[in-house]
Amino acid sequence: MSTLNLLSAQKLFEGTHNQYQHQSVVNNCTMTFSVYLPPQASNDSPVPVLYFLSGLTCTDENFSVKAGAQQWAAKHGIALVMPDTSPRGEDVPDDLEDDYAFGQGASFYVNATQKPWKTHFNMYDYVVNELPALIEENLPVTDKKSIFGHSMGGHGALVIALRNSTAYQSVSAFSPIVNPIETPWGQKAFFNYLGDHLNAWLPYDTCHLIKQGNNQLPMLVDQGSDDNFLAEELLTDHLIAAVKDADYDATINMRDGYNHSYFFIASFIESHIDFHAKYLNS
């Protein structure tokens with residue numbers, strides 16, 4: 001188990017918001033993540049965990065600073081864990097064309113199989129296995145967990161929860177990329193990270209997983225009607241069709257007038273944490 005290096009600590013809503021670094025085995029680089037521990041958390045009273053996966057270009061700090069989530073986590077006694085969106089560093093490959101939707105900051109939460117990406121880009125294993133083990137070993141939390149995310153991170157949260165439905169209590173997403181095999185962002189990322197075989201892409205596509213009848217778990221999705229990525233990259237209508245065809249009991253809200261920004265997330269973050277609290281604290 002790698003050692004946690006505390007970078008910063010802030011008191012917040014009577015809890016603590018900490019940023020850490022550690023050496024990741026699966027990503028072969030130094031990774032950064034943030035944790036909010038609510039005031040209820042102690043070694044004698046560990047708390048459940050809610051993981052948040054951020055979107056393209058983000059780090060662990062975007063959600064930490066902009067979403068206003070900590071006050072609601074403190075209310076419900078839930079720890080928040082916010083990893084970075086990808087491996088980073090001088091030795092980590094990046095997109096040579098500076099495409100913000102690919103390379104560093106744009107892992108798509110997959111395990112890459114193609115060179116030069118496969119040495120470092122293993123964010124699926126990082127979020128599913130390495131990071132939870134590290135959190136549960138070092139912090140006053142239980143192994144009870146849920147997951148949510150935004151945009152590319154919403155894609156990651158939905159895929160991870162659907163593929164590991166017994167490991168998570170619930171899943172939610174803001175503006176998720178739900179059918180990446182049909183989108184420009186997803187196609188570029190999957191071709192480079194996973195190769196040119198569709199069978200390698202399908203396990204990372206939410207609509208496909210739902211159609212395959214993966215075990216259901218509570219799901220909430222919020223999407224803004226004025227999101228400029230909705231028609232080409234997010235394809236929420238594909239998700240609506242998939243859950244209907246699969247008889248999946250998911251709540252999908254189209255929020256009139258909202259866009260893709262953190263103003264949208266901040267507007268509905270309370271309802272998402274309330275949603276997860278029902279299952280994490282039951």
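Ser 151 is found in the loop that separates strand E6 from helix H4 (152-163). In this predicted model, Ser 151 adopts a positive phi of about 60° although it is not a glycine. The residue is buried, its relative accessible area being 3%. Tyr 109 is placed in the loop between E5 and H3. With a relative accessibility of 1%, Tyr 109 counts as buried, because the term applies to residues under 20% relative accessible area. The loop between strand E5 (79-83) and helix H3 (123-138) also contains Pro 116. The peptide bond leading from Lys 115 to Pro 116 is cis, and its omega is near -5°.

Strand E6 (residues 141-150) runs parallel to E7, to which it is joined by 4 bridges. Within this pairing, Phe 148 has Ser 172 of E7 as its bridge partner. Strand E7 comprises residues 171-174. Val 171 and Ala 173 point one way from the strand, whereas Ser 172 and Phe 174 point the other way. All four of these residues are buried.

Although buried, Asp 60 has no salt bridge. The nearest side chain of opposite charge is that of Arg 88, 7.0 Å away, whereas a salt bridge requires the charged atoms to be within 4 Å. The side chain of Asp 60 is instead joined to that of Ser 34 by a polar contact of 2.5 Å. When neighbours within four places in sequence are left aside, the residues in contact with Asp 60 are Gln 19, Thr 32, Phe 33, Ser 34, Met 82, Pro 83 and Asp 84.

Helix H9 (residues 236-246) has Thr 236, Leu 239, Ala 242 and Val 243 as its buried residues. These residues lie on the same side of H9, because they cover an arc of only 115° around the axis. Asp 237, Lys 244 and Asp 245, on the other side of the helix, are exposed. Just after H9, Asp 247 takes a positive phi of about 55°.

Technical notes: Residues are numbered from 1 along each chain as its sequence is written. This is a predicted model: local features need pLDDT of at least 70, side-chain atom pairs count only at pLDDT 80 or more; totals for chains, interfaces and linings use all residues. Side-chain values use heavy atoms; hydrogens and water are left out. Buried means under 20% relative accessible area, exposed over 50%, partly exposed in between (1.4 Å probe, protein chains only). Helices (H or I, at least four residues) and strands (E, at least two) are DSSP runs, numbered from the N terminus. The arc is that of the directions from the helix axis to the C-beta atoms. Lys and Arg count as positive and Asp and Glu as negative; His and the chain ends are not counted. A polar contact is a pair of N or O atoms within 3.5 Å; within protein, one must be able to donate a hydrogen and the other to accept it, and residues adjacent in sequence count only if both atoms are side-chain atoms. Contact means heavy atoms within 4.5 Å. Two strands pair if DSSP finds at least two bridges between them.
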